[in-house]
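Please keep the viewer open as you read.

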Amino acid sequence: MFYKQSIFLLFIVIFCDDTLAKVAPDYIKPCPGLKSECLEKNIQETIPAFVKGIASIGINSSDPLYQDKIELELPGGLKINFRDGVMTGLKKCVVESASYQDLEAQLSLRCNLTIKGKYTAKGRVLIVTINGDGDAKIKTPNIHFDSKLIFEDVTRNGVVYRVVKDYKVKYRFGDRVTFVFTNLFKGNKELSETVLAFLNENWKQIVEEFGTPVVETIIRLTFDNIKQFFEHIPKDELIVD
């Protein structure tokens, strides 16, 4: 009788240990054979939950994405300080394509992003000089991200992880970017509104010349979370034959 009870208890311990050992959240569903159709569907379904963060493995929220401070020194001697920044919109990104082959993944997303925060700015933007301190809001509808991720297998404590070795991201703006900056000229509302209208009329030139540091910061913070995910989730929880 004691022998049978011991075997039963051992079975329970082994089963519970295996259950507790699972690291990936329940919403992560592997794609057998890593077929593109399945990857596109699963990634699309996963995004709204993933961007909330996974506290148990140190992944912060991506939507909203918070950044206390960004200091930029841009062409023309323009110095911008963003603070209390918040970006939203990643949870509604649309997966346009996804593929995986030979330790290399390709992922294309289309997103509508909004960035809000406080700013100070001083310097020259194209042909105008600004000296501002106020609220900022930038809307980027239909911004496209084309990503390539390179993976490699690493083993830690007998567990294999398929981690992100490197990544590259290209982006393009699909529609008009709009800016709202209050107080672009301290104490001069009329001049501030005139310069703001100029910025919005010349949005394409503005984002081409000054947008790269902001977008690259967003990409870096987002991919820090993606890399953290693959560093902590065992390969066998993500990839099945």
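Residues are numbered from 1 along each chain as its sequence is written, and side-chain values use heavy atoms, with hydrogens and water left out.

The score used is pLDDT, the predictor's confidence in each residue, from 0 to 100. Its average over the chain is 87, and 90% of the residues score at least 70. Helices (H or I, at least four residues) and strands (E, at least two) are DSSP runs, numbered from the N terminus. Strand 3 (residues 94-101) has the highest confidence, at a mean of 97, whereas helix 1 (residues 2-21) has the lowest, at 41. Over residues 1-20 pLDDT stays under 50, and the model gives this stretch zero contacts beyond four places in sequence; a contact here means heavy atoms within 4.5 Å. Where pLDDT is low, the predicted coordinates should not be read in detail.

Next, look for the cysteines. Counting a disulfide as a pair of cysteine sulfur atoms within 2.5 Å, a search of the whole structure finds two. With bonded cysteines counted along the chain, they follow the pattern 1-2, 3-4. One joins C31 and C38, with sulfur atoms 2.1 Å apart, and this link is left-handed, at -85 degrees about the S-S bond. For accessibility, buried means under 20% relative accessible area, exposed over 50%, and partly exposed in between (1.4 Å probe, protein chains only). C31 counts as buried because its relative accessibility is 3%, while C38, at 23%, counts as partly exposed.

The other disulfide joins C93 and C111, whose sulfur atoms are 2.1 Å apart; it is right-handed, with 115 degrees about the S-S bond. This pair links distant parts of the chain, 18 residues apart: C93 sits in the loop between strand 2 (78-88) and strand 3, and C111 in strand 4 (residues 104-125). C93 is buried at 2% relative accessibility, and C111 is buried at 1%.

Now turn to the nonpolar core, a set of buried Ala, Val, Leu, Ile, Met, Phe, Trp, Tyr and Cys residues joined through side-chain atoms within 4.5 Å. The largest such core has 67 residues, and F82, F179, F181 and F229 touch the most other members. Beyond its neighbours within four places in sequence, F229 contacts residues including P25, F50, I57 and L238.

On a 1 Å grid over the protein atoms alone, a cavity is a set of points where a 1.4 Å probe fits but cannot get out, and lining residues have an atom within 4 Å of a point. The structure holds three cavities of 30 Å³ or more, a volume being the space filled by probe spheres set on the grid points, which are joined across faces, edges and corners.

Finally, find N200 in helix 3 (residues 189-201). N200 counts as buried because its relative accessibility is 17%. Leaving aside neighbours within four places in sequence, N200 is in contact with R176, V177, T178 and F179, and F179 is one of the residues that touch the most other members of the largest nonpolar core.

Methods:
This is a predicted model: local features need pLDDT of at least 70, side-chain atom pairs count only at pLDDT 80 or more; totals for chains, interfaces and linings use all residues. On a 1 Å grid over the protein atoms alone, a cavity is a set of points where a 1.4 Å probe fits but cannot get out, and a pocket is an open set with protein on both sides within 12 Å along at least five of seven lines; lining residues have an atom within 4 Å of a point.
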